[in-house]
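This briefing reviews selected elements of a predicted model. Please consult the sequence and the structure shown here alongside the points that follow.

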Amino acid sequence: MAANQNPGKNPRLYLLGAILALWCVAICGRLVYLQVFSYGKFIKQAGHQQQRAIPLDAKRGVIYDRAGRELAMSVLVDSAFAVPSEVKDLPTAVSLITRITGDDGNVVLADCRAHKTFCWVARKSDDETIERIKSLNLQGIHFQKEPKRFYPARDLAAQVLGSVGMEDSGQSGIEHEFDDQLRGRPGKMFISVDAHKKWFADVETQPDPGNNLVLTIDKNIQYVAEKELDQAIHDTQAIAGTVIVENPHTGEILALANWPTFNPNQRKQITPAALTDRAVSYIYEPGSTFKLVTISAALEEKLTNPDEVFDCQMGSIVYNGMRIRDSKPHGLLPVWGVLAESSDVGSIKIALRLGEERFYKYIRAFGFGQQTGIELPGETRGMTKPVSRWSKVSIAAISMGQEIGISAIQLAGLISTFANDGVAVPPRIVAGTAPPESPVQTVAFHPVEGRRVISSYTAAEMRSMMQKVVLEGTGVKAKLEGYTSAGKTGTGQKADPATGAYSKTKYVASFAGFAPLNNPQIVVAVILDSAVGLHQGGQVSAPVFQRVAQHVLEYLHTPHDVELPANRQVLMAARQVREQDLAEGSPDHLGDTVDAAEAGSTESNPAVAVALAKPSPEVSNNAIVSASLRQHEAVNSPAGDRGQAPRTTQEPTPAIPNQLPSTGTVVLDAEQGGIPVPSFLGKSVRAAIEMSQENGLDLDAVGSGLAREQSPAPGTHVVVGSRVTVKFGR
């Protein structure tokens, strides 16, 4: 019998043991690698497959008016979302839901396929939409509460408040400007799906609500302003309009109304044009309202006084070869009459006495060409040019509100300066912020420190003169019942985008004023864009001022400062006036349109062609000596059709008599006799066009190549703006 083999010496057992040991080591190593070194990686992969982090929008802060009334708030509404892994037929489910919501089904389906655990299918929908989705009883469709911005007054102060997007981020207005304060801090929620494809949610961080905001707006005054603006738009068929109500002493904006408007609750119907806040973003030529700057600057510099008489030359003056005419002939007018009757001739003469440098100093001092700092996005600076860029006729054009662009909020600030005793206080529309849980819904308003622009005496003179605009001038329709009022009308022609020249049919009508006279409580500015038919400021904007100011003063319980008429018919009769008597502004234009002027020549301004002799202190206020050199015949407006600033060579001014009278105001008016036609022969078409523009002529180019013939002939004297026909050939 063979001897038993020693099992300890069997090599196969050793080999098997080694293999088992290596296998155990490998398994343990793999487990260590998976459980220790790759743990984080697999956790992330599992989270990506099974979880999705959903941001929870914080509840935006409430926006209140000055009395604590809610203008914008957030309410909880239902949103529908899908867990795609639970939905049996995803394309069909998405199709059914988007038929209800009106959303693009392809976009929603693509989002759901890209996210296996979560996708929105209907966000912040109304109750009816949510109920219809619930009635479908679709598997895998669930609902979550979210805050949705709600505006209880609908379109009231829409451009001021602005709107928010689907993610509750501010898109325009106050909602955009103060988005960081209103938005708060969002929270986070995790949506998870287990192995059985069941979902559950876990809120990791709760959202923190945003701060509340209190405006200076008064909801009731805003309603009055919007109601009257809407009526004015209906009556005049204007394409747009603005009404601003301001406290002149503190700069608080009590109402800021724009038309067209929108309902911020209906996001899908909001157009970009409707979002524009025209009160701060729209630039227009102010027309005769800018005469307030011209005259107040001359008064402040003691170059004239309200009773000094100017010869308005029956409404016609020639300046640098260009005739400018009033809307109706005026003879002798005191300075207050120049303002009341809105005489362009008188305004030009006052500006020439003031001079370019001093005039520009006051333009800037009144805040034009710079932002007011109001807390609204998109505010414009307006359009002004330094004196070095003024053309030969800029001082005359700007004196009557041409060749300069301003905004409605700047106009309200100008009137507030006069009402506030010559001190300009920056306008403000936000009173302050409050913590989200604070029961206090109003805050104390602290106005910005004002700056003095003109003296108290000059401001008082201007207030008195502005009252005469309402009592005797172009602003008769702004008379109030039981209150004194003062203001200024303005009518500016708009530029035609197609031609770059002034339109003959489109005007911006304005009236800006304050009441009562001696203790102004409110400033009201009214601007109507492109009214059809009657279009003068005194015809269409002054009545809106009257209605708004009357309502607001009564609402504020402002004491009457004049006795109410025993019969209301008496007051109504006082407002009756022939529409043609309210006309203002010249049919002629000295300079470029505001757009063209802003990009105009940089040549320095030459010496002016019309000289004004500064009166001595002994000059009588009522005596006047006309120094017109000859009677002017009727001449058609040279620049009314083109709005081109002439580039003519200054002709000598006729000699001033050696012996001036010892008393009286001497006003010189020199007829230039036209300009010589330059030679265009041998010039290219482009060179000829540039030459014609420099000389204030209208070129009619025929053919191409070089100029061969022209009519009128070179050297012929013609009126500025005349047409010259030039034939070109090769």
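Strand S25 is joined by 5 bridges to strand S27 (residues 723-729), and the two run antiparallel. Strands are DSSP runs of E with at least two residues, helices are runs of H or I with at least four, and both are numbered from the N terminus. The model is predicted: local features need pLDDT of at least 70 and side-chain atom pairs count only at pLDDT 80 or more, while totals for chains, interfaces and linings use all residues. Residues are numbered from 1 along each chain as its sequence is written, and side-chain values use heavy atoms, with hydrogens and water left out.

**Three-stranded sheet**

- Ser711 stands opposite Thr725 in S27.
- The open sheet is formed by 3 strands in the order S24-S27-S25, with mixed pairing; two strands pair if DSSP finds at least two bridges between them.
- Its edge strands, each pairing on one side only, are S24 (698-703) and S25 (706-711).
- From one strand to the next, the twist averages 30°; axes are lines fitted to C-alpha atoms, for helices over the stretch in contact, and angles run from 0 to 180 degrees between N-to-C directions.

- Strands S9 (residues 240-246) and S20 (residues 522-529) run antiparallel and are joined by 7 bridges; Ala240 has Asp529 in S20 as its bridge partner.

**Gln159**

- Gln159 is found in helix H6 (residues 158-161).
- The residue Gln159 is buried, with a relative accessible area of 4% (buried: under 20%, with a 1.4 Å probe and protein chains only).
- The side chain of Gln159 reaches the backbone oxygen of Ala274 at 2.9 Å.
- Not counting residues up to four places away in sequence, Gln159 touches residues including Asn258, Pro260, Phe262, Ala274 and Asp277.

**Confidence**

- The chain has a mean pLDDT of 81 (the predictor's confidence in each residue, from 0 to 100), and 79% of its residues reach 70 or more.
- Over residues 596-673, pLDDT stays under 50; the model has 179 contacts beyond four places in sequence for these residues.

Definitions and conventions
Buried < 20%, exposed > 50% of the residue type's maximum accessible area, 1.4 Å probe, protein only. Polar contact = N/O pair within 3.5 Å; in protein donor to acceptor, adjacent residues only side chain to side chain. Contact = heavy atoms within 4.5 Å.
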